[in-house]
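Dear colleague,

Please find the structure below, handed over for your records. My notes on what was found in it follow directly after.

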Amino acid sequence: MSELAALALIGDMLVRATPLILTGLAVAFAFQAGILNIGAEGQLLIGAACSTAITLKFGHTLGAGIIIVSLIGGSFAGAAWAAIAAELRTRFHVLEVISTIMLNFIALYLVSFLVRGPLQEPTHIYPQTETMPLYARLPTLLSGTRLHAGFIIAVLAGVAGWWILQHTAAGFRLRAAGKNPSAAKIAGKINIGRTTRNVFLISGALAGLAGAIEVHGVTFALYENLSPGYGYTAIAVALLAGLNPLWVIATGIFFGALEAGASALQRDAGIPVTIASVIEALIILIVLAAGSIRSLRSLQSSIVSNESTAEIA
Amino acid sequence: MTDVISPFLEGAVRTATPLAFAALGETVVERSGIINIGLEGAIICGAFGGLVASTHQGTWLAIVAAGISGMMVSMLFAFFVTRLRSDQIITGTAISLLSLGLTGTLYRQLYGPAGSALTTATMPVLPVPFLSSLPLIGSALFSQPPITYVLYVLVPALWWWLYRTHAGLGLRAIGENPEAAIAAGIRASSTQFAAILFGGFMGGVAGGVLVIAQAGTFAEGMSAGRGFIAIAIVVLGRWHPVGVAAAAFVFGATSALQYLFQTMGWDLPYQVFLALPYVLTLLALAGIAGRVRAPVSLGMWIQRG
Amino acid sequence: MAEPGPVSSALELRGISKRFGNLQALSNVSLVLRPGTVHALLGENGAGKSTLMRIAFGMIKPNAGQIRIDGNVVHLRSPRSAIRAGIGMVHQHFMLVPAMTVAENIELGGRGFFDARRSAARIRQLVEETGLILDPLARADSLSVAGQQRLEIVKALAHHARVLILDEPTAVLAPAEAQELLTLIRRLVQTGRSIVLITHKLQDAERFADDVSVLRDGKLVLSSPVADVTVESLARSMLGPERTTNRTQGPTEQRQQHTSITPVIRLEHVDVQRKSSPKDLRNISLEIRPGEIVGVAALDGAAADLLRVIAGRYKPAAGKLITPIRIGFVPEDRQRDALVGDFNVSENFALRDSGQRRGRMPWPRLRREANALIDSFDIRAQSIDTLARELSGGNQQKLVLARELSDNPAALIAENPTWGLDIQATAEIHSRLRAAALDGCAVLFYSSDIDELVDLADRVFVIRDGSLTDVERGAEAIGNALLGSSTLT
């Protein structure tokens, strides 16, 4: 393989990894807090939609600076989308698994409506928005590839995420609430409701950021099928990383490679690219099986130690 | 007026049928304490299995094949959740993802990526003599593909089984207090396993209905979240067969609103109607909050037995 | 093998041994239950009584030994086979389905079709036979605790149990109800059934049983008809030759009653709304001074609600509550409410006040403090990186106590601090509490064990019919005061 081809492959891999790392972080944060956010997909789409709208509306006023505004706006939008599920959970006890998936579908149709309606490109032929002007696109990192600065943002987010979880009081509260909300509330006097809401927001913001970065770095427009299921792959990314933000960077890249490879397989061998989802789901199951076996063993040993020493009559 | 209402009700029952099958199956599963988010996977596997079978067999056998497809993928879920004690929600999500990817891959492999849209004969509407002539509801309830009539028998049968047999009593006990059930000699894990298989079969049948009694073809992801909507229907129906059937009908009616609006000449972007069931799910779940009591042990796992 | 002949035992356990990992829970234990008698199985918490009876009920398989019913060897693979063999068990924590009716609970585990009317008739027949009052159509969660216990007994009888195992039945009963239980047991035995009574209370063995077996550290140390032993010899067998029934008495004289010093906890006309009971607490007034140890006794969880209000976890419905800024709180269910099992020792230490903390987590300092506390409280853990769920119950409780006392709070509130702990751990917790009081901490605790209240507390209060009254520091006085509050039917 020529050097150019190798570079292209790496570039492709890291480009795909970028949204996976960010959504993987979104899921990891949420899962660590005991919140099953399956809505990264929808939050990503909303973030992408909001970013695109901001850029198209204000891009010519702000020039290159629009990127920053747009990325922040996309994050906010993702957080707001997640906030819906947060309210439904804290106030109405709606299982977030169901509500976030419902919101995924609603987001999908919302984007469909936008790209065929208010945000549609001027000729009104294609279901997509106008293409973004050059100054609104993220700078490329590796010439000859699509690798863009968003990858750096993703890696930084991973490192920051790890640091926050391990070394800040807020991160500690998040982890405690996730592992044992009752003890967190009673022994730690942690406000579970507030912690839950904040985690939803952070998770949604990360997924929204993923969408915004995709739009500014790869697609340069909003259209349907923007995401080939990043939000769902993110679950596999997060679980395989053991919910550790630093490891999410690694697993994000791994899954990026997987999807790049699947893409190549479809091109060269005709194997449908959907095989990647199958592999991802199998990875989740393997992680679950391994974890179950481990926790079954430790459960058995803790039953032992509790039965023998803390025998309640 | 009747020529607007009647087709609307017909459409409601039509849309409700697959939802009802899936939700009734899930009701049994959740009464035993398990929440199967993988129901979506059972539905899409059923749809695909039903399609493949219908190209070789008649419609009824294809429905059964659809049920079996759903049951097989649920067996994986049952193994993970009752034998390995994996987290139910994550396992269910994985099963759904697996099923969507698997059916997509197989469909493209078997029938080509360009998707020469494979069509199959559908189950025709079979009007029940006399009953289908009843005003207003006659055509809605009794002018349907016969698979819907199976539903009318299934609901009372399930009700009777849950409340009038020891097997049903035992299953409900597992959902309320697994330790008590085990202490009474009930084999909790095996019962849950069997319940999940039943729920999977029902989910598969739901998928089969989508293909064989409605669309006549398969499309990737055609389950479109129905598995999750079915779970919401179970909550709204308060885990009772009759309530669940009624809730399914309400959801079917919501989807059928699209046609009602169109006939009335009210013009809304079609995405609104597509999104409506999902919005309704959210509203319904929020509205019912605090007023329903789920089976106590739902979602938790058992430590012995 | 044994020839058929007159049956000398309804249930016989021969040479039962059971090992859990590194721990030998039972060593070569034998027990003979004579037909038509009550046999008390006596022992301290952790002695192995529950394990032995779980084996008899088919819940656990022994590593060695035999089980015989009516002289025939049986292999019990599950509770189902034990039930089929005629053994019934009434667990300490009831195995009832709260949302189901009495009839449904009794019928659970049957086969075929469920006929509500036929089962109601059967229940009425059992009610007549045993004198137990039960309404077949009542929901299990509407019954009182004593009623639920009756339901558990009828459930066992309905499955044709000839041998009944009762696990700590008096633990949940008021003294009057315990008397009713005694009458019931006597009546059951007259109808030909045989009963094993698991208990850690000497008095129960004395009152209820014909024979008694004592377990200590997994070994059988005594087995004899009750008539042939004295209470002292039973106590000595239970506790071991070095210890006596007089639990470690604290140096109460050394802690003077500083009546002139400002109380550190003060309640004035406080009302507490209770979640688990309609009977709210009204007009509670209380003062606790530094260095005092105050104990509270109550039935059905009333004390817990009061303590949580004082500890600042719930708000009082009315009244004035003055508490110090730094309060330690030791909840009853340590694994659910006090510790995060998957966190290690230092992380669990860090839980304290983590709700208020801002900015960075000072791990180096926290870890140093954790190490120091492990040493000073003698917590047996591999290191501060050991996970909390890997510690024994006693060490977990010490961990919680160490954490709550770590910043020298002015008050410590403890819910049933030694529940479920063995004798040694209990003694250690008691000495830590006394040491804290000596340092000036005001200790308020609640206990379900009257003896513990007498041992540990300087003053004792009883919650009765929603109000708080102080009571003489003696077992009889406390028991009588509680008895007055028993309005359970």
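For helix packing, axes are lines fitted to C-alpha atoms, for helices over the stretch in contact, and angles run from 0 to 180 degrees between N-to-C directions. Helices (H or I, at least four residues) and strands (E, at least two) are DSSP runs, numbered from the N terminus.

This is a predicted model, in which local features need pLDDT of at least 70 and side-chain atom pairs count only at pLDDT 80 or more, while totals for chains, interfaces and linings use all residues. Residues are numbered from 1 along each chain as its sequence is written, and chains are lettered from A and ligands numbered from 1 in the order in which they are written.

Chain A contains 11 helices and zero strands. Its radius of gyration (taken over C-alpha atoms) is 21 Å, close to the 20 Å that the globule rule (2.2 Å times the number of residues to the power 0.38) gives for 313 residues, so chain A is as compact as a globular protein of that length. The C-alpha trace of chain A spans about 80 × 50 × 30 Å along its principal axes.

Within chain A, the axes of helix α6 (residues 169-179) and helix α8 (residues 192-219) come within 10 Å and cross at roughly 105 degrees. That makes α6(A) roughly perpendicular to α8(A) (angles of 65 to 115 degrees). A:Arg173, A:Leu174 and A:Ala177 of α6(A) make the contact with A:Ile192, A:Thr195 and A:Val199 of α8(A); two residues are in contact if their C-beta atoms, placed from the backbone, lie within 7 Å.

Turning to the interfaces, 33 residues of chain A are in contact with 37 residues of chain B. On the chain A side, α3 (66-92), α4 (96-116), α9 (230-240) and α11 (275-309) each supply at least two residues, and α11(A) gives the most, with 12 residues. The contact between chains B and C takes 16 residues from chain B and 19 residues from chain C. On the side of chain B that touches chain C, α7 (166-176) and α8 (178-183) of chain B each supply at least two residues.

For chain C, the domain assignment gives domain 1 (11-239) and domain 2 (252-484), with bounds that come from an automatic or database domain assignment. The centres of these two domains of chain C, taken over C-alpha atoms, are separated by 34 Å.

With kind regards

Note on methods
Angles under 35 degrees count as roughly parallel, over 145 as roughly antiparallel, 65 to 115 as roughly perpendicular and the rest as oblique.
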